[in-house]
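Colleague: I would like a close look at the aromatic side chains in this model. Please take them pair by pair and say where the partners sit.

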Amino acid sequence: AWAVQEYEKSVDFKQLDPKTQRTRRSEFEHCLAEPIKAGSSHKLGGCPLDKLEAVHFRIMRDQKADKKHAANGRIKAWRVMMDWAVEAQLVKRNFADDVKYLKVASEGYHSWTPEEVKQFEDFHPIGSTSRLALALMLYTGVRRSDAVVLGPEHIKDAVLTFTPFKTRRKVGKN
């Protein structure tokens, strides 16, 4: 638990997006409150950092095995935290790297057929918010998180210019 607190004070952690910071804090908090192994009264938060091994990270992952994305999110968070711990010379090795992600089966999202797009357009007239949302998503290819912030201020000389949220820290604009 002490090492997590130190990591959360670090420049590495503070450079993360605030939403990512909240998510990671929650993941760490829940993991640290769990037993070090099934049936144990000892919590992971009381385990010395240099005693954590792959088996402990596997236990953390498997506690959320019914929610595979959450389980994998835990491993991702701990891998990053433990990389920081290695760099800070708190541990010699990152055992979280030895734990594989759970496989997530997904068929993805349904892509609308031209007939479904036409049905939507027939129901929602030009000028409606729904029709605008469809046009932005269909004809720009932007993420939903970017489509909701697009406006007239992003059009210059008939060209749509904006910086996608996920790549806002990188150089250049799309």
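How many aromatic pairs does the count come to?

Modeller: The model is predicted, and in it the count comes to six aromatic pairs. Two of them are described here.

Y7 and W84 form a tilted pair, with 5.5 Å from centre to centre and 55 degrees between the planes. An angle over 60 degrees would be needed for edge-to-face and one under 30 for stacked, so 55 degrees counts as tilted. Y7 belongs to helix α1 (residues 2-9) and W84 to helix α5 (residues 68-87), so this contact ties together parts that are 77 residues apart in sequence. Y7 and W84 are both buried.

The other pair is F28 with W78, and its geometry is edge-to-face: the centres are 4.8 Å apart and the planes make an angle of 75 degrees. F28 is in helix α3 (residues 18-32), whereas W78 is in helix α5, so the pair ties together parts that are 50 residues apart in sequence. F28 has a relative accessible area of 0% and is buried. W78 counts as buried because its relative accessibility is 2%, and the cut-off for buried is under 20%.

Notes. Residues numbered from 1 in each chain as written. Predicted model: local features only at pLDDT ≥ 70, side-chain atom pairs only at ≥ 80, totals over all residues. Heavy atoms only, no water. Phe/Tyr/Trp six-rings, centres within 6.5 Å; stacked < 30°, edge-to-face > 60°. Helix = DSSP H or I, 4+ residues; strand = E, 2+ residues; numbered from the N terminus. Buried < 20%, exposed > 50% of the residue type's maximum accessible area, 1.4 Å probe, protein only.
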